[in-house]
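Please look at the sequence and the structure together while I go through them slowly.

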Amino acid sequence: MQLNHPANVAVIGTGYVGLGTAGLLAHIGHRVTGIDIDQNKIDMLLRGEVPIHEPGLDDLLSSQGDRLTWTTDYSAVRDADVIFICVGTPPGLDGTPDLQYVVSAAASIAEYLNGNAKVIVNKSTVPIGTGDYVQRLLEDHTRAFDPTRHFVVSNPEFLREGTALGDSLYPDRIVLGGQMEALEIMTQLYAPLIDQTFSPPKGAPRPEWFTRPAVIKTSLQSAEMIKYAANAFLALKISFANEISGLCERVGADIEEVAAGIGMDQRIGQRFLQAGLGWGGSCFGKDTQGLISAGREHQYEMPILQAAIDINYRQRRVIIDKLLRHLKTVKGKRVTVLGMAFKPNTDDLRDAPTHDLISQLNRLGASVTAHDPIAMKRAEREWTHLNYTPASSIQEAFERADAVILATEWDDYMTMDWNPLLATMRRPLVIDARNVIRSPINALVEQVGRDAPRGERRRAGAERA
Ligand SMILES: NC(=O)c1ccc[n+]([C@@H]2O[C@H](COP(=O)([O-])OP(=O)(O)OC[C@H]3O[C@@H](n4cnc5c(N)ncnc54)[C@H](O)[C@@H]3O)[C@@H](O)[C@H]2O)c1
C-alpha cells in the first residue's frame, strides 16, 4: 500500500506527546492537524502560544507554517491518511491505567472514519491488548471500518520531557507493532526520520554521533510491552541506586563512586544510576503500576517492580528524615524547597517528589516556602491543597530559612552563587536531594548515600527520565 507524501496526519491530544508528535511530523514534511477537546489549549495554539514548557517546542511549532493546524473539530479526521492517538492514560485508583480518554478518542475517530484513513496509531502508553481493543471499538462504532484496509498500530513514545525535541528527532529506536501492511505505511510516513533526510530545526541540532534510529517491527502486543518494560527497567535502575545509597550511608561508602564504578561495566551502563530523591513524573510510577496490575489480572506477581516503587516513595521520606535529624522538629521552622517540577526543563508537576515533600512538611507543622523557575504558576493552579508560600525569587526563597531542600536540579540552582544566599538564612542547612553540590559551601550539607563534598570535583547534574 502506498502512502501519499506529504501525508495528511491527524494527531489526537495536544499534550506533551501530541505536541511533540505534531511538530515532528510537520517538520519532516507532512500536513498535520492537532485535535484536542480542550478548547483553551486549542485557542492558545491558534494564537501561537504553547500550553506547556518544553525547550525549543515554540520555535519548532511556529516554523511549520500551514503544514500545522489546530482544532477541536474531529471532522479533520476525514482527510487523514494516518491518525495518531496521543491522549492521556492516567492511573486509576488501583493503578490500572484509565482508558476513558483512549475510548472516547476512538469513538470520535470512528464517527469520521472513511476510506481515506489507513492507519490508526496508538502513541499513548496503554495496557497490553489495548491495540486490539481500539480496533474493536472502531469496528463497533463505524461501518466504514474495514480490517483489510484499516489497521491499528502501536508506536510507543520514548521522549523525555525537557529534552523532547532531541529525543523525537534523533531517537535510539522507533518501535512499530502491528500487521506488516500497516508497518510498511508507517515506514513510509517516518522515512525522513529513519533516513535522517530532514534539516535539523533551530534549537535541536543533530548530534555528531547520531546516524539513524533502529526500526523495530513487532507484534502489537510486543510493542505495547516494550514501552512498559523499558520504563519499568529505568525505574528499577534508579531505585536500585537508591537502595544501595542507603547502605552506602551506613557503611561509609560513597554512592557516587559506587555508581561510577559499577556503571563502567558496559553490561550495566552509567545512566539512570543517580541516587537522590527518586523518580517522579507522569510515566514511571504509572507504568510500573500498570505492569503490576496487568500481572495481577493474570494472577502473576511482579515483586521486583513493587520493590522499585516502594523504594522510590521511601526515598521521599529519607529526605525528610535527614532534615529532622538536624532540626529535631520542624514545627514553626521555615523550610524552603527549591524546585517543584518533577525534573528540570519542564513545568510538569505530575507525581513530583516536591509535592510529597511539601505535604509531609505540612503535616509536621513546618512553614514551607517553595520556588521553581518555571512551574510555580502551574503549581498555583494544581497544588491548591498544599500549604506553602511561593517565593518570587531564589533570593527570597533563602531569606530567613532554617533549611533548604534542593529537590529539582534546575540550571538556575546549579549555577547560583550559594554563599551570599546562605548568609541570609537563619541557619545554613542544605539537604541536597539530587547530589549536585560539587564543592564545599558555607552550610551544613546533607547528600544522599555519601558525605557532603569536601573540595573534590563531582559529576554534573543528575539524569532522569
Ligand atoms: N509525557 C511524557 O513524557 C510521555 C512520554 C512517553 C509516553 N507518554 C504517554 O503518552 C500519553 C499522553 O501523555 P501526555 O503527557 O502527552 O498527556 P497530557 O495529559 O499532557 O495530554 C493529553 C491530551 O489529550 C487531550 N485529550 C483527552 N481526551 C481527548 C479526546 N477524547 N480527544 C482529543 N483530545 C483529548 C487532553 O485534553 C490533553 O491535552 C500517555 O499515555 C503517556 O503515558 C507520555
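Predicted model: local features only at pLDDT ≥ 70, side-chain atom pairs only at ≥ 80, totals over all residues.

Let me begin with the chain as a whole. The protein chain has 17 helices and 14 strands, and its radius of gyration is 23 Å, close to the 23 Å that the globule rule gives for 465 residues, so the chain is as compact as a globular protein of that length. Taken along the principal axes, the box that its C-alpha atoms fill is roughly 70 × 50 × 45 Å. Of the 465 residues, 56% are buried, and the accessible surface comes to about 20,000 Å², with 51% of that area belonging to carbon and sulfur atoms.

Now to the cysteines. How many disulfides does the structure hold? The count is 0. As a reminder, a disulfide is a covalent bond between the sulfur atoms of two cysteines. For Cys86, the closest cysteine sulfur is that of Cys283, and at 13 Å it is too far away for a bond, since a disulfide needs the two sulfur atoms within 2.5 Å. Is Cys86 buried or exposed? With a relative accessibility of 7%, Cys86 counts as buried because that value is under the 20% limit. Cys248 is buried as well, at a relative accessible area of 4%.

Thr21 is buried, with 3% relative accessible area, and, once we set aside its neighbours within four places in sequence, it is in contact with Val11, Phe84, Cys86, Lys123 and Glu157.

Next, the record. In an unreviewed entry, UniProt lists a "binding site" made up of several residues, among them Phe158, Arg160, Lys227, Gln274, Gly280 and Lys343. The listed residues span 186 residues in sequence, and the farthest two C-alpha atoms are 24.5 Å apart, so they do not all gather at one spot.

Gln274 lies in the loop between helix H10 (255–263) and helix H11 (284–297), and it is buried at 15%. Gly280 sits in the loop between H10 and H11 too, where its relative accessible area of 8% makes it buried. Not counting residues up to four places away in sequence, Gly280 touches Arg316, Phe342, Arg350, Asp351 and Pro353.

The unreviewed UniProt entry also lists residues 336–439 as "domain: UDP-glucose/GDP-mannose dehydrogenase C-terminal". That span is 31% helix and 17% strand, and its end C-alpha atoms lie 21 Å apart.

Finally, where is Pro127 found? Pro127 is in the loop between strand E5 (119–122) and helix H5 (130–141). Its C-alpha atom is separated by 7.2 Å from that of Pro97, although the two residues are 30 residues apart along the chain. Beyond residues up to four places away in sequence, Pro127 touches Pro97, Leu99, Glu224 and Tyr228.

Note on methods. Residues numbered from 1 in each chain as written. Heavy atoms only, no water. UniProt positions renumbered as here; feature names shortened; annotations may be inferred. Helix = DSSP H or I, 4+ residues; strand = E, 2+ residues; numbered from the N terminus. Buried < 20%, exposed > 50% of the residue type's maximum accessible area, 1.4 Å probe, protein only. Rg over C-alpha atoms; globule rule 2.2 N^0.38 Å. Areas by Shrake-Rupley, 256 points an atom, 1.4 Å probe, with all protein chains shown as cover. Contact = heavy atoms within 4.5 Å.
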